[in-house]
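Hi,

Here's the structure I said I'd pass on.

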Amino acid sequence: MTTSPAYRTALVTGASRGIGAAIVAALRAEGLEVYAVARSAEALAGLAAETGCRPLPLDVTDTAALEAALGPLAVDVLVVNAGGISAVKPLHEMGRHELDAMLDLNVKAAMHTIRVLLPGMVARRSGHLFVTSSISAHHPYPAMAVYTASKAALSMLAQNLRLDLVGTGIRVTELNPGRVETDIYLDAMGGDRATVRERLYRGFRAIRPSEVARVVVDALRLPPHVDLARIDLVPTDQAFGGVVLAHLAEGEAEAQGRESSQR
């Protein structure tokens, strides 16, 4: 094992695919025992066969089940990675269940996972917590208000945890990936991978999940007194900023101007 300090055990949520599965594989390659948490027992069984991880099928939005499954565990590295996008639409067009699904998974489940496992780290005065937020926590995206707000909550959670944990020896790292080639948009875009690939990835050099996992390992390898507090990991071809302008139909602007002057 080359990580420093000598962490032995890790737990990764959202581990069945994408970034989570890649992090599981990378941590196993470093010699850590890794608990892989996700809802799909079948996907976890395949990951276990491939990497030697310890599969832990669990719906992290079921708080009672989460407490029962994770409460007895002692882990040195916790990667809170489970997250999802239930819909790509403005808040005013979103249904109650679409909104609740994102908040329950992206925010509440993340907080409860940390709440259950962090006390053991504090007692041992050692550990490294990774919170997978998103670059969208710091930059707005059209039709993504609920998702970006949920990730902004995780960003502030990570910052606040660093304040609360100063002096405990526990490192906290906020991961903010940009466009990563995963299935996170799959359900929100109707379950058609070809459509997702065409709209989001064709002709674009997206980050690979394995590259996010590499950054996690690099952070773990730093000396114990060094913490990468926030990592923005974005494609070279992705940037942020600018102004959005709404253009009215021909004659509409003049008509509105006349109405305003007559009031």
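The largest nonpolar core has 33 residues, and Val12, Ile23, Val24, Leu27, Val34, Val77 and Phe130 make the most contacts inside it. Keep in mind that this is a predicted model. At least two residues of this core come from each of strand 1 (9–13), helix 1, strand 2 (33–38), helix 2 (41–51), strand 4 (77–80) and helix 7 (209–220).

The largest pocket holds about 1100 Å³ of space. Its lining runs to 47 residues, with Arg17, Gly83, Gly84, Ile85 and Ile184 nearest the centre. Helix 1 (18–29), helix 4 (96–124) and helix 5 (145–165) are the elements that give two or more residues to that lining, and helix 4 gives the most, with four. By class, the lining of the largest pocket splits into 21 nonpolar, 17 polar and nine charged residues.

The second largest pocket comes in at about 230 Å³. You'll find it lined by His139, Pro140, Tyr141, Pro142, Ala239, Phe240, Gly241, Gly242, Val243 and Val244. Seven of the residues in the lining of the second largest pocket are nonpolar and three are polar, with no charged ones.

Cheers

Conventions:
Residues are numbered from 1 along each chain as its sequence is written. This is a predicted model: local features need pLDDT of at least 70, side-chain atom pairs count only at pLDDT 80 or more; totals for chains, interfaces and linings use all residues. Side-chain values use heavy atoms; hydrogens and water are left out. On a 1 Å grid over the protein atoms alone, a cavity is a set of points where a 1.4 Å probe fits but cannot get out, and a pocket is an open set with protein on both sides within 12 Å along at least five of seven lines; lining residues have an atom within 4 Å of a point. Grid points are joined across faces, edges and corners, and a volume is the space filled by probe spheres set on the points. Ala, Val, Leu, Ile, Met, Phe, Trp, Tyr, Cys and Pro count as nonpolar, Asp, Glu, Lys and Arg as charged, and the others, Gly among them, as polar. A nonpolar core is a set of buried Ala, Val, Leu, Ile, Met, Phe, Trp, Tyr and Cys residues joined through side-chain atoms within 4.5 Å. Buried means under 20% relative accessible area, exposed over 50%, partly exposed in between (1.4 Å probe, protein chains only).
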